[in-house]
Amino acid sequence: MIRQFWQRHPWLTDSLIAAAYALPALLATAFLARRSGDLPADVLIALCALASIAAVLFRRRAPLVTFAVALAATALVFSFSDVPLALGLCAVLYSIPVYDSNRNAWIALGCSVAVIAAAAVIPWPQTTYPHPGLGEVVSYSVLQLLAVLIGVTVGNRKRYLQALIDRAAQLAAERDQQARLATAAERARIAREMHDIVSHSLTVMITLADGSAAQLDSAPDLSREAMLHVAETGRHALTDMRRMLGVLGEASSGPAVDEPGLELAPQPAASDLGVLIDRFRAAGLPVRYTVTGRAPADAALQLTVYRIVQESLTNVLRHAPAAARVDARIRYGATVSVEVRNSQPPPASAGSAAIHGAGRGLIGLRERIALYGGSLEAGQTNDGWRVLAIMTAHEEEGQG
């Protein structure tokens with residue numbers, strides 16, 4: 001608590017240190033001036049003492065500048081008097097390794113010892129003040145060395161603590177960044193799931209509803225069957241959406257009474273592809289579905305295969321509902337390939353309405369497939385359109 005108080009009030013700290021140094025320095029100056037009777041020397045010593053006190057006061061803000069001022073004042077007085085201004089020089093030397101660098105501190109120490117020794121060897125013209133000798137030079141040099149050593153220790157500790165604080169701040173920033181990236185990735189995943197659910201279900205429901213409306217007078221039984229498929233598709237979409245909302249923690253009232261265990265419904269898997277194909281056939285797509293090999297145990301990969309087929313057939317239903325042929329082929333193995341082809345549809349017939357998408361489906365598929373080091377090709381062929389996805393299957397140990 002005491003250390004934090006002084007750190008929060010640096011001006012108060014420096015003022016107290018400068019005052020503690022100024023008191024003996026000024027008293028000694030006044031005492032010696034009273035005994036000497038040499039007015040020019042007295043005035044010079046007083047000015048040097050004030051400069052040394054100012055250097056101590058501002059040592060934290062400009063260590064090297066205040067060192068130069070304190071050294072000049074001390075050397076000037078030391079050349080003809082032993083007035084104790086070296087304590088101020090020691091205080092400034094202490095500040096250099098703390099607030100500047102250790103390298104500059106050792107350079108400053110060498111310069112200070114050399115200048116003080118030279119000032120003692122080359123004296124000022126004779127005054128009534130006693131001239132300092134070799135003993136004073138050695139004692140002042142030892143004091144300055146101690147000041148630098150203490151400053152180096154304190155400065156290293158200060159820089160070490162600051163490095164720890166900076167590292168902690170960097171780790172906290174990296175942690176927050178990782179959390180934001182994870183949140184963004186989870187939002188993207190949920191957005192892909194919601195797109196697949198809503199896009200597929202609404203496309204099928206719109207197509208069935210259009211067909212039902214067109215056959216309402218001529219074939220009421222078929223129209224009724226189509227509307228039953230619409231209701232079934234809507235219920236499946238509602239189930240999937242409630243599951244996603246449950247993942248988000250935003251489901252409010254839970255499943256409906258007539259759908260027990262809805263919150264425990266699993267994600268679609270390879271075994272659900274048959275039901276998915278039947279929905280598209282009920283919507284009018286002549287889908288031929290073939291599977292080669294055994295589905296991998298990876299549930300996430302099975303979900304990706306399901307979503308690829310779902311998105312591809314949804315696009316066929318949206319852009320080419322009158323296609324004469326739609327082939328969906330899945331090959332399981334070390335690599336999993338999913339291919340969906342459709343023939344070129346005839347010119348749009350009357351009563352058929354185009355359903356336009358936002359173009360996010362293929363982007364979402366590429367993101368899913370990239371997780372398995374795969375690739376996605378989607379483009380025009382000679383007789384229609386093809387979507388081909390290839391992924392790497394990572395089987396768990398013990399799986400054949």
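1. Leu 143 sits in helix H7 and is partly exposed, with a relative accessible area of 37%.

2. A word on the basis of these points. This is a predicted model, in which local features need pLDDT of at least 70 and side-chain atom pairs count only at pLDDT 80 or more, while totals for chains, interfaces and linings use all residues. Residues are numbered from 1 along each chain as its sequence is written, and side-chain values use heavy atoms, with hydrogens and water left out.

3. Now the overall picture. The protein has 11 helices and five strands; these are DSSP runs numbered from the N terminus, with helices (H or I) of at least four residues and strands (E) of at least two. Of the 400 residues, 37% count as buried, where buried means under 20% relative accessible area, exposed means over 50%, and partly exposed is in between (1.4 Å probe, protein chains only). The accessible surface comes to about 22,000 Å², and 63% of that belongs to carbon and sulfur atoms. Accessible areas come from the Shrake-Rupley method with a 1.4 Å probe, and for residues only the protein chains shown count as cover. Among contacts (heavy atoms within 4.5 Å) with a separation of 6 or more, 73% are between residues 24 or more positions apart.

4. Next, the sheet. Its five strands form an open sheet in the order S1-S2-S3-S5-S4, with mixed pairing; two strands pair if DSSP finds at least two bridges between them. Strand S1 (287–292) and strand S4 (375–380) are the edge strands, each pairing on one side only. From one strand to the next, the twist averages 5°.

5. S1 and strand S2 (residues 326–331) run parallel and are joined by six bridges; here Tyr 289 has Ala 328 in S2 as its bridge partner. S3 and S5 run antiparallel, with nine bridges between them, and Ser 343 stands opposite Gly 384 in S5. S4 and S5 are also antiparallel, joined by six bridges, with Leu 376 opposite Ala 389 in S5. A hairpin of three residues leads from S4 to S5.

6. Two helices go with this sheet. Helix H10 (residues 299–319) lies across S1, S2, strand S3 (335–343) and strand S5 (384–392), running at about 10° to S3. Angles run from 0 to 180 degrees between N-to-C directions, and axes are lines fitted to C-alpha atoms, for helices over the stretch in contact. Helix H9 (residues 273–282) packs on the sheet too, touching S1 and S2, and its direction makes about 165° with that of S1.

7. What about charged pairs? Side chains of opposite charge can pair when their charged atoms come close. A salt bridge is counted when a side-chain nitrogen of Lys or Arg is within 4 Å of a carboxyl oxygen of Asp or Glu, and the count comes to 13. One of them joins Asp 14 to Arg 59, with the closest N and O atoms 3.4 Å apart. This pair links distant parts of the chain, 45 residues apart: Asp 14 is in helix H2 (residues 10–36), and Arg 59 is in the loop between helix H3 (39–57) and helix H4 (63–78). Asp 14 is buried at 0% relative accessibility, and Arg 59 is buried at 4%.

8. Glu 339 deserves a look of its own. Its side chain forms a salt bridge with Arg 329, the closest N and O atoms being 3.8 Å apart. Arg 329 lies in strand S2 and Glu 339 in strand S3, so the pair ties together parts that are 10 residues apart in sequence. Glu 339 also meets Arg 386 in a salt bridge (3.8 Å, N to O); Arg 386 is in strand S5, 47 residues from Glu 339. Glu 339 is buried, with a relative accessible area of 10%, whereas Arg 329 is partly exposed at 29% and Arg 386 is partly exposed at 21%.

9. Finally, these residues belong to a wider set. Arg 329, Glu 339 and Arg 386 are part of a network of salt bridges that also includes Arg 288, Arg 325, Asp 327, Arg 341, Glu 377 and Asp 383.
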